[in-house]
Amino acid sequence: MLDNLRDAVRKFLTGSSSYDKAVEDFIKELQKSLISADVNVKLVFSLTNKIKERLKNEKPPTYIERREWFIKIVYDELSNLFGGDKEPKVIPDKIPYVIMLVGVQGTGKTTTAGKLAYFYKKKGFKVGLVGADVYRPAALEQLQQLGQQIGVPVYGEPGEKDAVGIAKRGVEKFLREKMEIIIVDTAGRHGYGEEAALLEEMKNIYEAIKPDEVTLVIDASIGQKAYDLASKFNQASKIGTIIITKMDGTAKGGGALSAVAATGATIKFIGTGEKIDELEVFNPRRFVARILGMGDIETILEKIKEVENYDKMQKKMEEVISGKGKLTLRDVYNQLIALRKMGPLSKLFQLLPGIGMLGQIPEDQLKVGEEKMRKWLAIMNSMTYEELDNPSIIDKSRMRRIALGSGTEIEDVKELIEHYNLMQRTIKMLKRRKKDVEKLLGQF
Ligand code: GDP
Ligand code: MG
């Protein structure tokens, strides 16, 4: 479906063609993939226009390569297309919790009921399944087989024709047995285009069992048509969530997904195969990261986060040097963490505007080796916030406690505090120099 995007990302990041050409090729490939996944054409073009717009108006942060930054933008905008930052709540906020599944016949309700039961059972809940499909003779048997396979009890009444009655009695029985999550499978005998009838049936069972959640099951192969169904359902049910099944077997999955996301409905899970464990919590960002290549996306996101931390730290140092802030050990701690990935500590001073030209910074003394850094991080992990914010209170007995807690020697703790004091002195010196330079510059 959207599988070829992963290769496109790889090719884009490692390819040898010029940046502009690579961007152009990638955007074409993106459009092609999305349209063939049945995503609405208008949505596709508005997405790629937005990407181009951002490319024009935004600049990659320092240290982030243009190509990586571009993929980050694609990742952001694609995530928005599939629902943005919406994170479905899959762990119920109360117990017992009753979930009722509705949807057109053949979409995968019964299969999904089994998958859900398995999902929650694995999370440690006591789960019960209720089979209220009275139209298909083998429906109950199908559910019972699934229940047996995963060790979850199934309630059903073979031969009984009253679906509402079965649902009611099943839920009541499981409530008496202290089941924590009860999943009700229904018939949904109507075809697409009969949303009204489907919603009517939903209402009848709903009134009888008053579930905590109604879940509409949609088959991904209907593509963009999912929009109508989902938006009507979303209007009718305040406690409604959506599961899209058969994401694996169709080219139209992207269409169904983006169409449903466009209605504002919460997509809770997606079904990705016939097997009992082929159900995934749907999180737009994670989903997009996967189709673009999880490894590449995670690397880029991590880098960007590091740079943000680094920028924050730099700003803090600028404040400290200009006299607006105070340097605490907590800052040193954050610096060490950021610098561990970014380079030697002395770099920080070179990067500060106007500082490089001042020269004569005791660089060697500011360099910290990897081994020492590990020790210092351990030491700072053993300090209280009070000690980090105000290192002058660290006396002998505190030092002993910290050394013990971090598995280091008192000497190591002392050394760290000396390093901190050295930084303080350096900052004082820099402040003085900055003033000198300003005075000097002021004369011109
Ligand atoms: P119901 O009529 O809505 O209860 O649908 P069923 O649960 O009986 O499923 C209908 C068919 O869809 C069965 O053959 C299932 O194995 C299949 N199915 C359900 N979910 C998925 C899925 O996520 N992926 C694939 N490939 N098949 C699925
Ligand atoms: Mg069924």
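The model is predicted, so local features need pLDDT of at least 70 and side-chain atom pairs count only at pLDDT 80 or more, whereas totals for chains, interfaces and linings use all residues. Residues are numbered from 1 along each chain as its sequence is written, chains are lettered from A and ligands numbered from 1 in the order in which they are written, and side-chain values use heavy atoms, with hydrogens and water left out.

Thr-215 lies in strand β5 (residues 213-219); helices (H or I, at least four residues) and strands (E, at least two) are DSSP runs, numbered from the N terminus. With a relative accessibility of 1%, Thr-215 counts as buried, where buried means under 20% relative accessible area, exposed over 50% and partly exposed in between (1.4 Å probe, protein chains only). Beyond its neighbours within four places in sequence, Thr-215 is in contact with residues including Ile-99, Val-102, Phe-233 and Ile-242, contact meaning heavy atoms within 4.5 Å.

In helix α2, the buried residues are Tyr-19, Ala-22, Val-23, Phe-26, Ile-27, Leu-30, Gln-31, Ser-33 and Leu-34. Viewed down the axis of α2, these buried residues fall within an arc of 170 degrees and so line one face of the helix; the arc is that of the directions from the helix axis to the C-beta atoms. Their cover includes α1 (4-14), α3 (41-57) and α4 (66-81). Just after α2, Asp-38 adopts a positive phi of about 70 degrees.

Rings of Phe, Tyr and Trp (its six-membered ring) pair if their centres lie within 6.5 Å; planes under 30 degrees apart count as stacked, over 60 as edge-to-face and the rest as tilted. By this rule there are 8 aromatic pairs. The rings of Phe-12 and Phe-70 have centres 4.7 Å apart and planes at 40 degrees, so this pair is tilted. The pair links distant parts of the chain, with Phe-12 in helix α1 and Phe-70 in helix α4, 58 residues apart. Phe-12 is buried, at a relative accessible area of 3%, and Phe-70 is likewise buried, at 0%. Phe-82 and Phe-287 form an edge-to-face pair, 5.4 Å centre to centre with 85 degrees between the planes.
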